[in-house]
Amino acid sequence: MMVRETFQLDNIHCPSCVAKIEKAVAAMRGVSSARMAFATGRLAVDYDPTVIEPGAIAATVSRLGYPARSIRRQELGS
Ligand SMILES: [Cu+2]
């Protein structure tokens, strides 16, 4: 079972922020995709909850300089 979790990020000012965040999150073990919408500052991450916790994703993004909080979580079919 995979989870898609949406995070609201602060401090996004340009498309290179988006690329940096997507790359860093996609590289995390247990994450299968990371897609970010520049216009809304929202990051959607698909991950395996048995491998990684959402707090670790938020912490990674926050360390890059973009405070992140989870705003939605949905379970995806297998
Ligand atoms: Cu930027």
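## Leu64 and its contacts

Leaving aside neighbours within four places in sequence, Leu64 is in contact with Lys20, Ile21 and Ala24; two residues are in contact if their C-beta atoms, placed from the backbone, lie within 7 Å. Leu64 is found in the loop between α2 and β4 (68-76). Helices (H or I, at least four residues) and strands (E, at least two) are DSSP runs, numbered from the N terminus.

Leu64 counts as partly exposed because it has 16 C-beta neighbours inside 10 Å. A residue is buried if 20 or more other C-beta atoms lie within 10 Å of its own, exposed if 12 or fewer, and partly exposed in between, with C-beta atoms placed from the backbone.

## Basis of the model

The model is predicted: local features need pLDDT of at least 70, side-chain atom pairs count only at pLDDT 80 or more, and totals for chains, interfaces and linings use all residues. Residues are numbered from 1 along each chain as its sequence is written.

## The helix pair

Two packed helices are described by the angle between their axes and the distance between the axes. Here the axes of helix α1 (residues 15-26) and helix α2 (residues 54-63) come within 10 Å and cross at roughly 140°. Axes are lines fitted to C-alpha atoms, for helices over the stretch in contact, and angles run from 0 to 180 degrees between N-to-C directions. The crossing of α1 past α2 is right-handed; a crossing is left-handed if the near helix is turned anticlockwise from the far one by less than a right angle, and right-handed if clockwise.

On the α1 side the contact is made by Ile21, Ala24 and Val25, and on the α2 side by Ile57, Thr60 and Val61. By class, this contact has 5 nonpolar, 1 polar and no charged residues. Ala, Val, Leu, Ile, Met, Phe, Trp, Tyr, Cys and Pro count as nonpolar, Asp, Glu, Lys and Arg as charged, and the others, Gly among them, as polar.

## Val25

Val25 has its place in helix α1. Val25 is buried because 24 other C-beta atoms lie within 10 Å. Apart from neighbours within four places in sequence, Val25 is in contact with Val31, Ala34, Val45, Ile57, Thr60 and Val61. The C-alpha atoms of Val25 and Ala58 are 9.2 Å apart, and the two residues are 33 residues apart along the chain.

Gln8 belongs to strand β1 (residues 2-9). With 15 C-beta neighbours inside 10 Å, Gln8 counts as partly exposed. Beyond neighbours within four places in sequence, Gln8 is in contact with Gly41, Arg42, Arg69 and Ile71. Gln8 and Thr40 are 32 residues apart in sequence and 8.1 Å apart in space, C-alpha to C-alpha.

Asn11 is found in the loop between β1 and α1. Phi of Asn11 is near 75°, a positive value in a residue other than glycine. Asn11 counts as exposed because it has 12 C-beta neighbours inside 10 Å. Ala39 lies in the loop between β2 (31-37) and β3 (42-47), and with 6 C-beta neighbours inside 10 Å it counts as exposed. From Ala39 to Cys14 the C-alpha distance is 9.7 Å, at 25 residues apart in sequence.

## The whole chain

The protein chain has 2 helices and 4 strands, in the sequence pattern β-α-β-β-α-β. The C-alpha trace spans about 35 × 20 × 15 Å along its principal axes. For 78 residues, a compact globule would have a radius of gyration near 12 Å, and the 11 Å of the protein chain agrees with this. That radius is taken over C-alpha atoms, and the globule rule is 2.2 Å times the number of residues to the power 0.38.

Buried residues make up 19% of the 78 residues. Of the contacts with a separation of 6 or more, 62% are accounted for by residues 24 or more positions apart.

## Record annotation

UniProt lists residues 3-69 for "domain: HMA" in an unreviewed entry. UniProt positions are given in the numbering used here, feature names are shortened, and annotations may be inferred rather than shown by experiment. The end C-alpha atoms of residues 3-69 lie 16 Å apart, and the span is 33% helix and 33% strand.
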